[in-house]
Amino acid sequence: MAVPLLDVRDLSVAYLSEAGDVGAVDHVDLAVEAGEFVALVGESSCGKSTLVFAIARLLAPPAEQTGGTITFRGEDLVHLRGEALRHLRWRDYSVVMQSAMNALNPMKSLEAQFGDAMRAHEHVSRSAIRQRTVEVLRLVGIDPVHRQSYPHQLSGGMRQRAMIAMALLFSPSLILMDEPTSALDVVAQRSLMGQITQLQRELGFAVVFVTHDMSLVSHYSDRLVVMYAGQVVEAAPTATLFGRPLHPYSRGLFDAFPSIRGPRTRLTGIPGSPPDLRRPPAGCRFHPRCPVVMEACRTQAPRLADQDGTLVRCLRYPGSAAT
Amino acid sequence: MSFVVRRVGLFLVTLWAALTLNFLIPRLMPGDEATAVLAQFHGVNPAALHALEVEFGGTAGQNPLVAYVEYLGNVLTGQFGLTATRTPVIDVILQGLPWTLGLVGVTTVLAFVLGTVVGMVGAWRRGGWLDGLLSPLLFILTTFPVFFIALVLLYVMGVAWHWFPISSNYSLGSTPAPTLAFVWDVLAHAILPGATLVITTAGTWIFTMRNTMVTTLAEDYVRMARAKGLPSWRIMVDYAARNAILPNLTGFAMQLGFVLGGSILVEYTFSYPGLGYLFFTGTTNHDLPLQQALFLFYTLAVLVCVLLADLATAWLDPRTRGA
Amino acid sequence: MTTAVAVRDASDEPVPERGARAAAAGVARAVLRNRKATLGLLLLVVITVIAAVPSLLAPGDPKAAIYDQQVGPSLAHLLGTTQVGEDVFTQLIWGTRLTLVITVAVGVLVTAVSVLIGVTAAYVGGATDGALSLLTDVFLIIPTLPLLIVLSTYLEGSGTIAIIAVLTATGWAFSARQLRAQGLALRTRDFLEAARARGERRRYIIVAEILPNMLSLIVASFLGSATYTVATAAGLQFLGLGNSNDITWGTMLHYAQQNGALESGNPWWALAPGAAVAVLGTTFALLNYAFDEITNPALRPVRRGRPAA
C-alpha cells in the first residue's frame, strides 16, 4: 500500500489549565491518501477542530500536543520548527477556517492578503501576485474585479470562496477545512460543496473536512470519520458507513437526520450532552448516553477494531475489548 | 460621511462649551476676583480694557448676551486682553507656544512609538521576561504622579549627577541663534523635562497597546497569518499591531488632556518657559486674563488632536472609509 | 469561532445560594490570596493610622519653626528641616490627615455625582440621556488641570472645601461614562422587567435593583477617583493653589520647590512628600487592580505552556 499523504498516529492534545488539564483529543489515528476527501464529523467539542489545528501545527497556548506523531509525505511534522515548518506552510498544506469574516484580515484587500502569503515563500513581483490572484479567484468563481475588495465588501458565500481561493495559491496537496460551510445558508452551502469537489477533481488535492453536518458532507466524502469526546468511534468509506453505521453514536446521528426519500420514521435525537473532558466517564465514554449500553461498558474502555473494513470502537463488536 | 459630520459636530460643540465656560466662570464664581482683575487695569488702552470688561463682566448693566457675542468675536480675532504686566495676552502666549509645542509634540510622538513597540513585543511574548518585567514597572510608572518623577529626575540626574541642566530652556545669557551650539544647548535643557513626559505618557500607552494586542493576537486572522507561513515579525506588525492600534488612536488623543496637565507641572518643576510655566506665573499674579486664555488654548489643542485622531481612524479603517 | 472545547455541561447548574457570612469569608479569602489586595490594604491601614494619630510617630508641632534652617537628615530630624526651620518628618506625618481627607472626600463625592448622572442617563434615556451624555463627553475632553487652575485661582484663599469642590467638579466625567454604559447593559435584564411588572416606582427600581448590581463598578469608581485625586490635588497644591496655610504633602512640595530644596537646600524636603504622594496613589491603584482581578477572573494571570512553533 502506498505511503499515505497524511499519517496521524496516536495523537493526543490537551488544554492545560490550573483547574485541571482537559484532554480534547485522545490517542487519535487518522490517515489520508492523496486526493482523498475525508470527512471528520461529530458534535461540538468532540475535538475535531482541535485535531485539525494540531495537524496544521496551529495550536496556541493553552492547547498543547501531548503525544503521538504526525507524518506528512513521510516527513515528521511534529518536530519541525521555525524556518523548516514555515517553508511547508501553505505550499504543501493549507487551511480554511469556519468564518471568513474572522479569518480574513479586515484591513487588507484580498490581493494584499494573497500577496502576503506568496511573498512569504518566494520573491514575486506585484504583477505575478496580481496574476495568480486573478487565477485563483476565477477558480472559485469570483469575478477578478474583487481582488482589490475588502472582506466586508463581499457576501458571506463569496468570502468563504475567497478563503478557499487563498488556500489554493500554491496548489497544495492537502487542504484542512474547519467547518467552512457552517456560517452559510443551505443554498450557499451546497454551492460551496460543489465548488470544492469540482476543484478537487481538477487539481487533485486531498481534503480533511470537519463538520457537524453529517448529511451535507456524506454526499461528497470518500471516507467518514466519526469522533466523540476526543476519540474516533467509527471510521469507514462513506457508502459503507451510510448504509451500515455500526457504532450506536453514529446510528444516533443518522437517525437524527430526516431523509426526503424513504419511509417516514420517527426522528430520535441522542439524549444527554457530551461529557466534561476534565473527567471523562469511566469505561466507554459514550455509555451514559448509549441506548444499547451493556454492563461491561461502564468499566471497560473499548479499543478501535476493524469490523469488515469499518473501524469501530464499541464493546458490542469483537476485537474492541481490551485483551 | 455621517461619522465625520458627527465628530466635527462634537468638536464644535465642545469648543463652544469651553468658550461659554470661560465666559461664565468670572460671572459665576464667588468672591470678587473678576472685579479685582479689572481694577488693576485703569488707564490702559481702551480697546483692550473693553475686551477685558466683555470677558469679565465689568461694564455694569451691559446685556450679558451682547457681551457674550462680543466676547466670541474677540476670541476669534485673538483679542484676549492684557496680562497683569500690561502686555497683550496673545503676545505672551505666542512667545511660550513654540516651546511647549516642541516639548509636548516631540515627547508625545516618542512616547507613542516607544509605547507601541514595547506593548507589541510584550504582548507577542506574553508571559515572557519582558511582559513579566513590564507589569510591575508600568504599574509604578502609571500611578506615580508626574511631578514626582520630574523631581526625582531633576534631583538624581540634574543635581546629584550633574548630567543635565535643571532649569529654563537654554542657558542664561545666550542669545537664540541657528547655530549648532545653541541647538545643542536647547536639547540639553529639554532632556529632563522631555524624559519625564515620555516616561509618563508611554506608560499608559504601553499598557493599552499590550492589552489590545493580546486580544488581537487571539483573532482568527492572526492564526490564519501563521498558517500561511508568514514570518513572525510580519504577523506582529502587519496583522496584529496595525489592527490593534487603530481602535486606540482616539483614546490616545483623549489622553492628551492628561498629558498637557502633566506638562504644566513638568514645566513648573524645570522652570521651562512654555505655556505651562505661564500658568504658574499667572497664579502668582492672579493673572486671570492670561489663565483663561491659556485654558482655551489647551482645550483647543486637545480638541484638534481628538478630531484628527477620529478622522485618521475613519480614514485608515477600510470598513468606514468605503461605506 | 472554531476550536471551543466545552468544558462544562450544556446545562449549567445554578450557583448555590450562600449566606452572608459565607460570602464575607469568601471575600476575606480572596483578598488574602491576592498579593496586590493584601499589600494595598496594609498600606491603606498604615496611612490611615498615621492620619488618625499623627502624634504617635511625630510628637512635635509641625509648624514650630524653631530649628536650624534647611539642614539635611540627622538623628534629630529624620528628614531634615525646611527653609524656616520646621521639622520635615513631623510635617510629613501631620500632613497625612488632610491629604487623606481630601482624597476620600473627593472620591466619595465624585462617585456620588457620577452615579447620579450615569445611572439617570442610562435609565431615563431619551433626551435626558442625550443631554447628560453630551455634558459628560464635554467634561471628558476638556483638559482637567488647566480648568482646575483657573477655578482655583478664583477661589484662592477659600480653603480646603474649595479644593474638594473643584476637584469634584472636574473629575466626575470618566466614572459617569462607565456607569452609564453598565447601566445601559443592565437595563434590559430580566429582573428589571420583573420589577417593572410588579409596578415598582422608577426611583425604587434604580435604588433597590440597579445599584446593588452595579456595586462592583461603583467601588471601582471610588478607587479610581481616589487614585486620580491624590496626584491631582497634590499637583494643584504643588503649583501654589489651594490653602497655603494648610499642611499637606502638596503644600510641602510647593514650599520646597519655591525655596530651591532640591538644588541647594534639603532635597528630602521635596522628595519625601513627593514619595508619600506616590505611595498613597499606588495604594489606591493596587486596591483598584486587586478589586478588578478579584471580581473579574478573566483578568487573572495566564499560565504559559511551551510556545508553539
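The model is predicted, so let us take its parts one at a time.

**Where chains C and B touch**

Chain C brings 38 residues to its contact with chain B, and chain B brings 45 residues. On the chain C side, the elements that give two or more residues are α4, α5, α10, α12 and α13 of chain C. Of these, α13(C) gives the most, with nine residues. Sorted by class, the chain C side holds 26 nonpolar, nine polar and three charged residues.

**Two helices in chain B**

Next, look within chain B. Helix α5(B) and helix α13(B) pack with their axes 10 Å apart, at an angle of about 55°. The two helices are therefore oblique to each other, and their crossing is right-handed. From α5(B), the residues V89(B), V92(B) and I93(B) meet P289(B), L290(B), A293(B), L294(B) and F297(B) of α13(B). This contact has eight nonpolar residues, with no polar and no charged ones.

**A sheet in chain A**

Finally, chain A has an open sheet of four strands in the order β2-β1-β4-β5, with antiparallel pairing. Which strands are at the edges? They are β2(A) and β5(A), each of which pairs on one side only. Strands β1(A) and β4(A) run antiparallel and are joined by eight bridges. V13(A) stands opposite Q65(A), which lies in β4(A).

Here are the residue ranges of some strands in chain A:

| Strand | Residues |
|---|---|
| β1(A) | residues 6-15 |
| β2(A) | residues 22-32 |
| β4(A) | residues 63-72 |
| β5(A) | residues 75-76 |

How values were computed
Residues numbered from 1 in each chain as written. Chains lettered and ligands numbered in written order. Predicted model: local features only at pLDDT ≥ 70, side-chain atom pairs only at ≥ 80, totals over all residues. Contact = placed C-beta atoms within 7 Å. Nonpolar A, V, L, I, M, F, W, Y, C, P; charged D, E, K, R; others polar. Axes fitted to C-alpha atoms, helices over the stretch in contact; angles between N-to-C directions. Parallel < 35°, antiparallel > 145°, perpendicular 65-115°, else oblique. Left-handed = near helix turned anticlockwise from the far one by under 90°. Pairing = 2+ DSSP bridges.
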